[in-house]
Amino acid sequence: MNYTYILKCCDGSLYTGWTNDIENRIELHRSGRGAKYTRGRSPLELVYLEVSETRSEAMHREAYIKRLTKPQKLSLIRMSDWKERLKEWNLENLQIKS
């Protein structure tokens with residue numbers, strides 16, 4: 001599975017990315033070994049997650065979401081039911097907040 005995700009940083013900013021291993025990627029961000037943008041912006045909170053079948057789909061969604069304005073991203077986050085789907089995706093133990 002491939003994932004497109006949004007992290008909320010301690011300063012209120014939003015970081016969007018994609019990965020094929022969400023648990024590892026979140027841990028990398030939290031340890032300061034993820035994206036440069038998220039370093040020094042801890043604690044981080046996973047606020048959005050979606051699953052794609054292919055890497056290409058996840059990358060396209062990431063690019064699309066990155067083009068949205070912050071209000072549009074916040075609306076996307078509010079409307080999503082991703083937390084209810086964690087068990088379906090075998091991610092019920094995913095740590096959402098650091």
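Predicted model: local features only at pLDDT ≥ 70, side-chain atom pairs only at ≥ 80, totals over all residues.
**Entry 1: His-29**

Is His-29 buried or exposed? Its relative accessibility is 1%, so I put it down as buried. The cut-off for buried is under 20%. His-29 is found in helix α1.

Next I looked up what His-29 touches, leaving aside neighbours within four places in sequence. The list is Tyr-5, Leu-7, Tyr-15, Gly-34, Ala-35, Thr-38 and Leu-44. I also checked His-29 against Gly-40. They sit 11 residues apart in sequence, and their C-alpha atoms are 9.9 Å apart in space.

**Entry 2: Helix α1 and what follows**

Which residues of α1 are buried? In this helix, residues 22-30, I noted Ile-22, Ile-26, Leu-28, His-29 and Arg-30. I then asked what covers them. The cover includes three strands: β1 (2-8), β2 (14-19) and β3 (45-52).

A helix has 3.6 residues a turn, so residues three or four places apart point the same way. I kept that in mind for the helix pair in Entry 4.

After α1 comes Gly-32. I read its phi as positive, near 85 degrees.

Most residues other than glycine have a negative phi, and most peptide bonds are trans. I went looking for exceptions.

Where is there a cis peptide bond? I found one joining Ser-42 and Pro-43, with omega about 5 degrees. Pro-43 is in the loop between α1 and β3.

Asn-90 is a residue other than glycine with a positive phi, near 60 degrees. I located Asn-90 in the segment after α3 (70-79). Its relative accessibility is 60%, so I count Asn-90 as exposed. The cut-off for exposed is over 50%.

**Entry 3: Salt bridges**

Side chains of opposite charge can pair when their charged atoms come close. How many salt bridges are there? The count comes to 4. I wrote up several of them, including the pair Arg-41 and Asp-11.

The side chains of Arg-41 and Asp-11 meet at 3.0 Å, N to O. Arg-41 is in the loop between α1 and β3, and Asp-11 is in the loop between β1 and β2, so this pair ties together parts that are 30 residues apart in sequence. I checked the accessibility of each partner. Arg-41 has 25% and counts as partly exposed. Asp-11 has 47% and is also partly exposed. The loop that holds Arg-41 is the one in which I found Pro-43.

Lys-66 and Glu-62 form another salt bridge, at 3.2 Å, N to O. Both lie in helix α2 (residues 55-67). They are 4 residues apart, about one turn of the helix. Lys-66 is partly exposed at 44%. Glu-62 is buried, with a relative accessible area of 13%.

I then turned to Arg-85 and Glu-88. Their side chains meet in a salt bridge at 2.9 Å, N to O. Arg-85 has a relative accessible area of 30% and is partly exposed.

**Entry 4: Charges overall**

**Entry 5: The whole chain**

I stepped back to the fold. The protein chain has 3 helices and 3 strands. What pattern do they follow along the sequence? I read β-β-α-β-α-α. The radius of gyration is 12 Å, close to the 13 Å that the globule rule gives for 98 residues, so the chain is as compact as a globular protein of that length. The C-alpha trace spans about 30 × 30 × 25 Å along its principal axes.

How much of the chain is buried? Buried residues make up 42% of the 98 residues. His-29 is among the buried residues.

Last, I noted the surface. The chain exposes about 5900 Å². Carbon and sulfur atoms supply 47% of that area.

Key: Residues numbered from 1 in each chain as written. Heavy atoms only, no water. Buried < 20%, exposed > 50% of the residue type's maximum accessible area, 1.4 Å probe, protein only. Helix = DSSP H or I, 4+ residues; strand = E, 2+ residues; numbered from the N terminus. Contact = heavy atoms within 4.5 Å. Rg over C-alpha atoms; globule rule 2.2 N^0.38 Å. Areas by Shrake-Rupley, 256 points an atom, 1.4 Å probe, with all protein chains shown as cover.
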